[in-house]
Amino acid sequence: MGTAHCGSTLLTLVLGGHSDCLSLGEISNLPDFYRRNKPICSVCEGECSLWDQKFSDQDLQALVHGFSDRRVHRFIPLKVEKQVRRLLRADSVFNPYSLIASKVEESVLIDSTKTVWWLQKRLAAREFNENLSPYLIHLIRDGRAVMNSYSRRKQYQGLTSQQFGEQFGTLWKNRVTNENNFFDSFSGKKIRLRYEEFATNSEAITQRLCNWLEIEFQPDMLSYWKHQHHTISGNKGTRASVQRYQNDAQSNRNVGIKLNQKWQQRLSAEQIAAFYQVTDGMNKNYEW
């Protein structure tokens, strides 16, 4: 869980480098990719050894139903069908993580979809009460760094510094508030991590995460670009380092886990001031 541009793709790929972990990426995008006949995997070029080889088209259709929250049967309301199927214990279509788990060898599935509404919907499924144990990672980042990434989005182009700071600030404040409320109410295992700490002290933080996940730390996890990944969506630049290594191992000599602080050069004082004003200085707790 976290805001957009919080560093989740990097963290996901590092954890996915563990032999007992499978990084799914932003699995919430699977239904849309499938319906548009777009490759499910955002890393593999060509056929994917996970999504194309281990999952049949029937499996993928089941995952689409399970993750999309749309009616399975045209004339039966989804809420009613979920209730009836659950009573009859015929609701496997609404327990998609269990289907994925049955197809792979890894015991830890990592979904990097970050929004609260997605978590709330998924955790309501029977599979998390009976078969699976949810672990929650809340990844936080300095709001100014997140703001810098948002500044490249089309909807913010052409705005004044004041307008951009206010619009982004309102969005960021609402999202972070919802995340914090959800984190506090979550009753399962949970941990809060700073992107900046992970980027500057990656080995120690990864060891801490492995202990928390109850898996043995594997040092080669940190060389995330050397491992096979089959994630859905995520940061294009971070994914590209994996793709370059797969195509040419020599091209990644300078790849590593590095702290990105480009906001310091790109954001204006006026933009930052407007952001702090509309958020009532909330970012002071996230500053780095």
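User: Which residue follows helix 14, and near what value is its positive phi?

Analyst: This is a predicted model, so local features are given only where pLDDT is at least 70. Most residues other than glycine have a negative phi. The residue that follows helix 14 has a positive one; the residue is Asp280, and its phi is near 55 degrees.

User: Which residues of helix 14 are buried, and what covers them?

Analyst: Helix 14 spans residues 269-278, and its buried residues are Gln271, Ile272, Ala274, Phe275 and Tyr276. The cover over these residues includes helix 8, helix 9 and helix 13.

User: How many residues of helix 8 are buried?

Analyst: The buried set runs through Gly143, Arg144, Ala145, Val146, Met147, Asn148, Ser149 and Tyr150. These residues pack against helix 9, helix 13 and helix 14. Helix 8 is thus mostly covered, and the count of its buried residues is 8 of 8.

User: Is His5 buried, partly exposed or exposed?

Analyst: His5 sits in the segment before helix 1. Its phi is positive, about 60 degrees, although His5 is not a glycine. Because its relative accessible area is 27%, His5 is classed as partly exposed.

User: Asn37 also has a positive phi; is Asn37 buried or exposed?

Analyst: The phi of Asn37 is about 55 degrees, and the residue is not a glycine. Asn37 belongs to the loop between helix 2 (30-35) and helix 3 (57-68). Its relative accessibility is 72%, so Asn37 counts as exposed.

User: Is Arg122 buried or exposed?

Analyst: Arg122 is part of helix 6. Leaving aside residues up to four places away in sequence, Arg122 touches Gly66, Phe67, Asp69, Tyr97 and Phe128. Its relative accessibility is 7%, therefore Arg122 counts as buried.

User: What span does helix 12 reach from its first C-alpha to its last?

Analyst: Helix 12 covers residues 236-247, which is 12 residues. At 1.5 Å a residue the expected value is 16 Å, and the helix comes close to that, with a reach of 16 Å.

User: Which residue caps the N-terminal end of helix 12?

Analyst: The cap is made by a side-chain oxygen that lies 3.0 Å from the backbone nitrogen of Gly237. The residue that carries this oxygen is Asn235.

User: Against which helix do the buried residues of helix 12 pack?

Analyst: The residues concerned are Thr238, Arg239, Ala240, Ser241, Val242 and Gln243, which are the buried ones of helix 12. They pack against helix 1.

User: Which element gives the largest share of the lining of the largest pocket?

Analyst: The largest pocket has a volume of about 1,100 Å³. Of its 36 lining residues, Asn235, Lys236, Gly237, Thr238 and Asn260 lie nearest the centre. Helix 1, helix 8, helix 12 and helix 13 each supply at least two residues. The largest share, 6 residues, comes from helix 12.

User: By class, how many nonpolar, polar and charged residues line the largest pocket?

Analyst: The lining consists of 36 residues. Divided by class, they are 10 nonpolar, 15 polar and 11 charged.

User: How many nonpolar residues are in the lining of the second largest pocket?

Analyst: The second largest pocket has a volume of about 850 Å³. It is lined by 37 residues, and Leu109, Ile110, Asp111, Pro134 and Tyr135 lie nearest its centre. Two or more lining residues come from each of helix 1, helix 5 (96-103), strand 2 (108-111), helix 6 (116-123) and strand 3 (135-140). By class the lining has 8 polar and 6 charged residues, and the nonpolar ones number 23.

User: Which elements each supply at least two residues of the lining of the largest cavity?

Analyst: The structure holds 3 cavities of 30 Å³ or more, and the largest cavity contains about 60 Å³ of space. Its lining includes His138, Leu139, Ile140, Trp172, Val176 and Glu179. By class, the lining has 7 nonpolar, 2 polar and 2 charged residues. The elements that each supply at least two lining residues are strand 3 and helix 9.

How values were computed
Residues are numbered from 1 along each chain as its sequence is written. This is a predicted model: local features need pLDDT of at least 70, side-chain atom pairs count only at pLDDT 80 or more; totals for chains, interfaces and linings use all residues. Side-chain values use heavy atoms; hydrogens and water are left out. Helices (H or I, at least four residues) and strands (E, at least two) are DSSP runs, numbered from the N terminus. The expected span of a helix is 1.5 Å times one less than its number of residues. Buried means under 20% relative accessible area, exposed over 50%, partly exposed in between (1.4 Å probe, protein chains only). Contact means heavy atoms within 4.5 Å. A polar contact is a pair of N or O atoms within 3.5 Å; within protein, one must be able to donate a hydrogen and the other to accept it, and residues adjacent in sequence count only if both atoms are side-chain atoms. On a 1 Å grid over the protein atoms alone, a cavity is a set of points where a 1.4 Å probe fits but cannot get out, and a pocket is an open set with protein on both sides within 12 Å along at least five of seven lines; lining residues have an atom within 4 Å of a point. Grid points are joined across faces, edges and corners, and a volume is the space filled by probe spheres set on the points. Ala, Val, Leu, Ile, Met, Phe, Trp, Tyr, Cys and Pro count as nonpolar, Asp, Glu, Lys and Arg as charged, and the others, Gly among them, as polar.
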